[in-house]
Amino acid sequence: MSAQSSTDRDADVLVIGAGPAGATAAFHLAQSGLSTLVLEKTQFPREKVCGDGLTPRAVKQLLAMGVPTDTEGWLKHKGLRIVGGGHTLELPWPELGSYPDYGLIRTRMDFDETLARHAQKAGARLLEQTNVTGPVFDKNNRVAGVVAKQADRSEVTYKAPIVLVCDGNSSRFSLELGLHKREDRPMGVAVRTYYKSPRHNEDWLESWLELWDTSRGERKLLPGYGWIFPVGDGTCNIGLGVLNNSCAFGKTDYRAMLKAWMASCPPEWGFTEENRTGQILGAALPMGFNRQPHYTRGALLVGDAGGMVNPFNGEGIAYAMESGAMAAEVVVQALGRTGAQRERVLETYPSALQDAWGGYYTLGRVFVKMIGNPQFMSFATKHGLPRPALMRFTLKLLANLTDPKGGDASDRVINALSKLAPSA
């Protein structure tokens, strides 16, 4: 069936995808009085592969949006518990003026919907089961809308002067614009599942720098890193990730690896097959701006679509939300102007991203190369974890948590390194 256009579906801005990037952008756009239409290919509630942990960076965005986080379904955590090299170290989130000193847990089964409904309350329109299949171009080869397939398989055209591309790692829309992933950027793959466990209500995110398999009577070091995140609902989110600089990347049965690690954990933790409550699902982690440019011909790439996962720690939600807020701010200013002036404003979006994270992500690429060396990781784990001061600095670096002004010595060092590093 050919695509049909209807003026009552037109908007000031089209947002493709209602994940954290799209929902955050839609909220801020609607708050600014712009007609905002969000097109989501699935129907809520829906599952997403994620660790479900929100660092203080993400919490700051939730507070800025006014999302209630003192209700059922949210679990606070103090910081990060790091396990490796025979050591366990608990590192509270740093006390800063720029970020709260706590993180949160909420499963992606309803976290994304919570943000999307919040955007709706602000005035954004949300259409679920609406799968965007490609762009619509005007006579100047500029994106002027999208073609989408509805639940009944019929096609419809939605028009708007600006489109925010928030359709995740695979970003089919970006491919239609000729924007492909950069092979010189880090990429990770992660798998996760849920287990019923007495550890479900702990108030630390737990990161494992070494994964051991003792299930066959011998001690074997597995590739990658792992996490145990308490969800507070009787279960823990358990997962592991492998980076593309590992020889195991793409050549390993990650699900079997996760099961082997779980089988080697203390039995009282309950990480057994009979206690597993969900499937073991996997997803890619697009890091360090692995798809560029972030603006082209009326379309802005936001969140995972633009490869904005932090290379240091694999965190994506905070950067999806932050880039959503940044994109919304640019669009609000752009739509207040016309012609060449509007285009000049839109073209500031990539430079705003680079100013925020470009140097930091370049440092992250160096870090990824270093931790890909097993000898380096063994040395760093053995000699770093026993030094709490060094690890507090490392936590700030990996989680990108510093005060830009008036911070302590570690803040100044990290900020200086990020400014000196070339853009990503």
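These legends go with a set of close-up views of one predicted model.

**View A. Helix H6 and how much of it is covered.**
Let's start with helix H6, which runs over residues 317–334 and has 18 residues. From its first C-alpha to its last, H6 reaches 25 Å, close to the 26 Å expected at 1.5 Å a residue. Is the helix mostly covered, or mostly uncovered? Mostly covered: 15 of the 18 residues in H6 are buried.

**View B. An open sheet built from six strands.**
Follow the strands across and you get the order E9-E3-E2-E13-E22-E21, with mixed pairing. Which strands stand at the edges? They are E9 (125–127) and E21 (295–296), and each has a single partner strand, so one side of each is left without a neighbour in the sheet.

**View C. Where strands E3 and E9 meet.**
Here we zoom in on E9 and its pairing with E3, the strand at residues 36–39. The two pair in the parallel sense over three bridges. To find your way around, look for Val 38, which stands opposite Leu 126 in E9.

**View D. Trp 269 and Phe 271, a ring pair.**
The model has 15 aromatic pairs by the rule used here, and this is one of them. A pair of aromatic rings is described by the distance of the centres and the angle of the planes. For Trp 269 and Phe 271, the centres are 5.9 Å apart and the planes sit at 65°; angles over 60 degrees count as edge-to-face, so that is what we call this pair. Both Trp 269 and Phe 271 are buried.

**View E. Tyr 319 and Trp 357, a ring pair between two helices.**
These rings have their centres 5.1 Å apart and their planes at 80°, so this pair is edge-to-face. Tyr 319 belongs to helix H6 and Trp 357 to helix H8 (residues 348–371), so the pair ties together parts that are 38 residues apart in sequence. Are the two residues buried or exposed? Tyr 319 is buried, with a relative accessible area of 0%, and Trp 357 counts as buried at 1%.

**View F. Two charges over rings.**
Check out Lys 60 first: its charged end sits over the ring of Tyr 99, 4.8 Å from the ring's centre. Then there's Arg 219, which lies over the face of Trp 212, at 3.8 Å from the ring centre.

How values were computed. Residues numbered from 1 in each chain as written. Predicted model: local features only at pLDDT ≥ 70, side-chain atom pairs only at ≥ 80, totals over all residues. Heavy atoms only, no water. Helix = DSSP H or I, 4+ residues; strand = E, 2+ residues; numbered from the N terminus. Expected span 1.5 Å × (residues − 1). Buried < 20%, exposed > 50% of the residue type's maximum accessible area, 1.4 Å probe, protein only. Pairing = 2+ DSSP bridges. Phe/Tyr/Trp six-rings, centres within 6.5 Å; stacked < 30°, edge-to-face > 60°. Lys NZ or Arg CZ within 6 Å of the ring centre and 35° of its normal.
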